[in-house]
Amino acid sequence: MIQLNHVYKTFFKGKDTEVHALDDVTMKVKDGDFVTITGPSGSGKSTLMRVIEGMECADQGNCILNGIDLAKSSDKKRAEIRNQKMGIVLQDFGLFNDQTVKQNLQLPFLIAKRSIKSANIRAQEILEYLHIAELMNRKVQTLSGGQKQRVAIGRALALNPKLMCFDEPTSALDPSLTLDVAKLIKSLSKTGMSMLIITHDMEFAK
């Protein structure tokens, strides 16, 4: 599914603040794999994830997703791949706080130009699966951190992605919710999706 070949990424080239975020990274993630990428803050984990998602292009090397070289794809094509092939859960959730849970779950369908009817049916399915159907018409700004995390995961699941990407999925949560999120991610992995998780929390990774 994912193949990184000798990937390099440097920021602020030629300046005193030059940072070698990725230095000759080669890795492979196969269909159905469950992979955690660990390391301290500033070690390049999020940069690696952004290269895999096509948000950043490597300076050298390539990132191939299902046979497609992301570095050779247009911005539009990479955005289409993120929307339809990946489920991305951001560290800060990335939700629209002034919109309802239902509206947030509809967003991937609108971007993909799918029907509102199909979006509504899928939103109901996901919220029931995540046990938060009662939150459908609540505005995101009224939710707890744990509820927002489930909504963010729900939005990532909207178009049945083959790959789920989590960037520090517990960093914004109370420690008491970490086990709950771990159980949810583990249950998702059993559906056959590939799981890629970035975390600095070794206990969570275990």
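Biologist: Does Arg 78 count as buried or exposed?

Modeller: This is a predicted model, and the values are computed from it. Arg 78 is found in helix 2. A residue counts as buried when its relative accessible area is under 20%. Arg 78 has 9% relative accessibility, so Arg 78 counts as buried.

Biologist: With which side chain does the side chain of Arg 78 make a polar contact?

Modeller: Leaving aside its neighbours within four places in sequence, Arg 78 is in contact with Gly 54, Cys 57, Leu 70 and Ser 73. The polar contact has a distance of 2.4 Å, and the partner is the side chain of Asp 75.

Biologist: Which elements do the buried residues of helix 2 pack against?

Modeller: In helix 2, the residues Arg 78, Ile 81, Arg 82 and Asn 83 are buried. The buried residues of this helix pack against helix 1 (45–53), strand 4 (60–65), strand 5 (68–69), strand 6 and helix 3.

Biologist: How far apart are the closest N and O atoms in the salt bridge of Lys 77 with Glu 80?

Modeller: Lys 77 and Glu 80 are 3 residues apart in helix 2, so about one helical turn separates them. Lys 77 is partly exposed at 33% relative accessibility, and Glu 80 is partly exposed at 36%. A salt bridge needs a side-chain nitrogen of Lys or Arg within 4 Å of a carboxyl oxygen of Asp or Glu. Here the closest N and O atoms are 3.5 Å apart.

Biologist: Why is one side of strand 3 and of strand 6 left without a neighbour in the sheet?

Modeller: The open sheet is formed by 4 strands in the order 3-8-7-6, with parallel pairing. Strand 3 (34–38) and strand 6 (86–89) stand at its edges, so one side of each has no neighbour in the sheet; the reason is that each has a single partner strand.

Biologist: Helix 6 lies across which strands?

Modeller: Helix 6 covers residues 178–189. Its direction runs at about 155 degrees to strand 8, and the strands it lies across are strand 3, strand 7 and strand 8.

Biologist: Which element gives the largest share of the largest nonpolar core?

Modeller: This core has 35 residues, and those with the most contacts inside it are Ile 153, Met 164, Phe 166 and Leu 188. The elements that give two or more residues to it are helix 3 (101–111), helix 4 (116–129), helix 5 (145–157), strand 7, helix 6 and strand 8. The largest share is 5 residues, and it comes from helix 5.

Biologist: Which backbone nitrogen does the side chain of Asn 104 reach?

Modeller: Asn 104 has its place in helix 3. At 0% relative accessibility, Asn 104 counts as buried. Not counting residues up to four places away in sequence, Asn 104 touches Leu 95, Phe 96, Gln 99, Val 140 and Arg 155. At 2.9 Å, its side chain reaches the backbone nitrogen of Phe 96.

Biologist: How many residues apart in sequence are the parts that Asp 59 and Lys 9 tie together?

Modeller: The side chains of Asp 59 and Lys 9 meet in a salt bridge at 3.7 Å, N to O. Asp 59 lies in the loop between helix 1 and strand 4, and Lys 9 lies in strand 1 (residues 2–11), so the parts tied together are apart in sequence by 50 residues.

Biologist: In the salt bridge of Arg 150 and Asp 180, what is the distance from N to O?

Modeller: Arg 150 counts as buried at 15% relative accessibility, whereas Asp 180 is partly exposed at 33%. Their side chains meet in a salt bridge, and the distance from N to O is 3.1 Å.

Conventions
Residues numbered from 1 in each chain as written. Predicted model: local features only at pLDDT ≥ 70, side-chain atom pairs only at ≥ 80, totals over all residues. Heavy atoms only, no water. Pairing = 2+ DSSP bridges. Contact = heavy atoms within 4.5 Å. Axes fitted to C-alpha atoms, helices over the stretch in contact; angles between N-to-C directions. Core = buried A, V, L, I, M, F, W, Y, C linked by side-chain atoms within 4.5 Å. Buried < 20%, exposed > 50% of the residue type's maximum accessible area, 1.4 Å probe, protein only. Polar contact = N/O pair within 3.5 Å; in protein donor to acceptor, adjacent residues only side chain to side chain.
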